[in-house]
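Open your viewer and get ready to click around. We'll go stop by stop, picking something to select each time.

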Amino acid sequence: MARSAPTLITMVCGSVILGVSIWIRVSKDAQEELGIDSSLFAGVDLLIAVGSIIMVLGFLGCCGAIKESRCMLLLFFIGLLLILILQVTGGILGAVYRSQIETSLNTTLKDSVNLLKKNTEEAKQFQETFQKFQTENKCCGLLNGAADWGSNFDTPIGGSQVCGCDPKGEEANLCTSYNRKYVYKTVCREVIIKYVQDHMLIIMGIAFGLAVIEILGLGFSMSLYCQIQRK
């Protein structure tokens, strides 16, 4: 049992990742509590795939350790090594192309600013969605604050003022004046970047924890493989 402990831990970790990911994917309560919307489903689906692969590899390693099967242990080693290489490669690419990612984000935001100024049906749908985002996150505009709305700034959306802020309530410190109206002074770009950074820290923490488990699993499986080979 002691021999199979590291691979068993790997299988349990895979099962936990899989279980939590599926729970987040199917539970609307979990999505609301964690602030996850449909735009993040791709990341959750990726976690489901990773959890499934790690669980299967852990099962292979566990069986290989108990039955002293070199073939299973070798498959376990190769699988974990490939996952570790992909993680390291993804981390390096993320660091190398970080500036390009920020440039791409700015380009996307500029395109969205153009939608705030237009009056097409597509633009109006985006404006309604973005107005809700501004209200929930107490921010205004994407790059230049209220000025991003152009002539649409004076047009109420959903029955409320664009970027409307109450200077007499709890929001007093969050308000600034624009065109004789009170609006939120925080630009939504800052909110979006903070959101991405916070979630990147969580992803990095998960990736680091997985890497430690994978390295331990690699060392254990190769050690056991060599011991069986000597017999």
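**Before you click.** This is a predicted model, where local features need pLDDT of at least 70, side-chain atom pairs count only at pLDDT 80 or more, and totals for chains, interfaces and linings use all residues. Residues are numbered from 1 along each chain as its sequence is written, and side-chain values use heavy atoms, with hydrogens and water left out.

**Stop 1: the whole protein.** Switch to a cartoon view and you'll find 7 helices and 2 strands. Helices (H or I, at least four residues) and strands (E, at least two) are DSSP runs, numbered from the N terminus. Follow the chain from that end and the order is α-α-α-α-α-α-β-β-α. Of the 231 residues, 32% are buried. Buried means under 20% relative accessible area, exposed means over 50%, and partly exposed is in between (1.4 Å probe, protein chains only).

Stop 2: Rolling a probe the size of a water molecule over the atoms shows where empty space is left. Here that turns up 1 cavity of 30 Å³ or more. A cavity is a set of points, on a 1 Å grid over the protein atoms alone, where a 1.4 Å probe fits but cannot get out; its lining residues have an atom within 4 Å of a point. Points are joined across faces, edges and corners, and the volume is the space filled by probe spheres set on them.

Which residues line the largest cavity? Select Thr 10, Cys 13, Ile 54, Leu 80, Leu 210, Ile 213 and Glu 214. The space inside is about 30 Å³. Helices α1 (5–26) and α7 (188–230) each supply at least two lining residues, and α7 gives the most, with 3. The lining splits into 5 nonpolar, 1 polar and 1 charged.

**Stop 3: along α4.** Now pick Leu 74 and Ile 85, both in helix α4 (residues 70–96). Leu 74 is partly exposed at 34% relative accessible area, and Ile 85 is partly exposed at 44%.

**Stop 4: Val 50.** Hop to helix α3 (residues 41–67) to find Val 50. Val 50 is partly exposed, at 24% relative accessibility. Val 50 and Ile 83 are 33 residues apart in sequence, and 8.7 Å apart from C-alpha to C-alpha.

**Stop 5: a charged pair.** Side chains of opposite charge can pair when their charged atoms come close. Show Asp 154 and Lys 181, whose side chains meet in a salt bridge (3.4 Å, N to O). Asp 154 lies in the loop between α6 (121–137) and β1 (175–178) and Lys 181 in strand β2 (residues 181–184), so the pair ties together parts 27 residues apart in sequence. The rule asks for a side-chain nitrogen of Lys or Arg within 4 Å of a carboxyl oxygen of Asp or Glu, and the count comes to 1 salt bridge.

Stop 6: Most residues other than glycine have a negative phi. Select Lys 138, in the loop between α6 and β1: its phi is positive, near 50°. Then go to Asn 179, in the loop between β1 and β2, where phi is also positive, at about 50°.

Terms used
1 Å grid on protein atoms, 1.4 Å probe; cavity = no way out; pocket = protein on both sides within 12 Å on 5 of 7 lines; lining within 4 Å. Nonpolar A, V, L, I, M, F, W, Y, C, P; charged D, E, K, R; others polar.
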